[in-house]
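Visitor: Please walk me through this fold. I will ask, you answer.

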Amino acid sequence: MPDELVTILYADDDEDILSVATLSLEMVGGFTVNTCHSGREAIEEARRLRPDLIMLDVMMPGMDGPTAMGKIKADPDLAGIPVILLTARVRGAEVGEYLALGADGVIAKPFDPMRLPDEVRGIWARSKAGGPPADAP
């Protein structure tokens with residue numbers, strides 16, 4: 001894993017949320033963000049780009065975020081890339097399930113665009129340090 005978080009791949013089928021998150025991560029966080037709109041596309045882009053971190057919306061048509069994350073974590077070339085799931089379903093049971101499936105963190109939607117880069121950076125740093133996944137949002 002690189003020493004610094006620079007590139008993020010973010011998949012979300014909601015264009016408005018994708019735009020707000022991208023703007024936040026680029027303008028406030030200083031990251032380079034590549035976007036896509038489905039789980040299947042996220043897997044293809046992850047293989048092509050080898051980002052430092054992957055963010056996936058939980059609810060996407062075709063292939064949802066947890067399914068895409070499972071395929072990413074099962075790929076030896078991608079398994080070391082931390083994955084954050086974003087969801088409006090943030091009750092303890094759901095968050096625990098996502099972490100058990102291998103998510104490095106869960107971020108609640110709607111998120112605060114001014115705080116999103118720090119949340120992402122914190123989850124990435126915990127993952128890099130080998131710490132436990134981020135707790136419930």
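Guide: Two strands pair if DSSP finds at least two bridges between them. Strands (E, at least two residues) and helices (H or I, at least four) are DSSP runs, numbered from the N terminus. This is a predicted model, where local features need pLDDT of at least 70, side-chain atom pairs count only at pLDDT 80 or more, and totals for chains, interfaces and linings use all residues. Residues are numbered from 1 along each chain as its sequence is written, and side-chain values use heavy atoms, with hydrogens and water left out.

Visitor: Which residue in β3 stands opposite Y10?
Guide: β1 and β3 run parallel, joined by four bridges. Opposite Y10 stands M55.

Visitor: Are α1 and α5 roughly parallel or roughly perpendicular to each other?
Guide: Axes are lines fitted to C-alpha atoms, for helices over the stretch in contact, and angles run from 0 to 180 degrees between N-to-C directions. The axes of α1 (residues 15–28) and α5 (residues 116–128) come within 8 Å and cross at roughly 80°. Angles under 35 degrees count as roughly parallel, over 145 as roughly antiparallel, 65 to 115 as roughly perpendicular and the rest as oblique. So α1 and α5 are roughly perpendicular.

Visitor: Which residues of α2 are buried?
Guide: Buried means under 20% relative accessible area, with a 1.4 Å probe and protein chains only. Helix α2 spans residues 39–49. Its buried residues pack against β1 (7–11), β2 (32–36), β3 (53–57) and α3 (65–74). They are G39, A42, I43, E45 and A46.

Visitor: Which residues touch the most other members of the largest nonpolar core?
Guide: A nonpolar core is a set of buried Ala, Val, Leu, Ile, Met, Phe, Trp, Tyr and Cys residues joined through side-chain atoms within 4.5 Å. The largest holds 23 residues. Those touching the most other members are I54, L56, I72, V83 and L85.

Key
Buried means under 20% relative accessible area, exposed over 50%, partly exposed in between (1.4 Å probe, protein chains only). Contact means heavy atoms within 4.5 Å.
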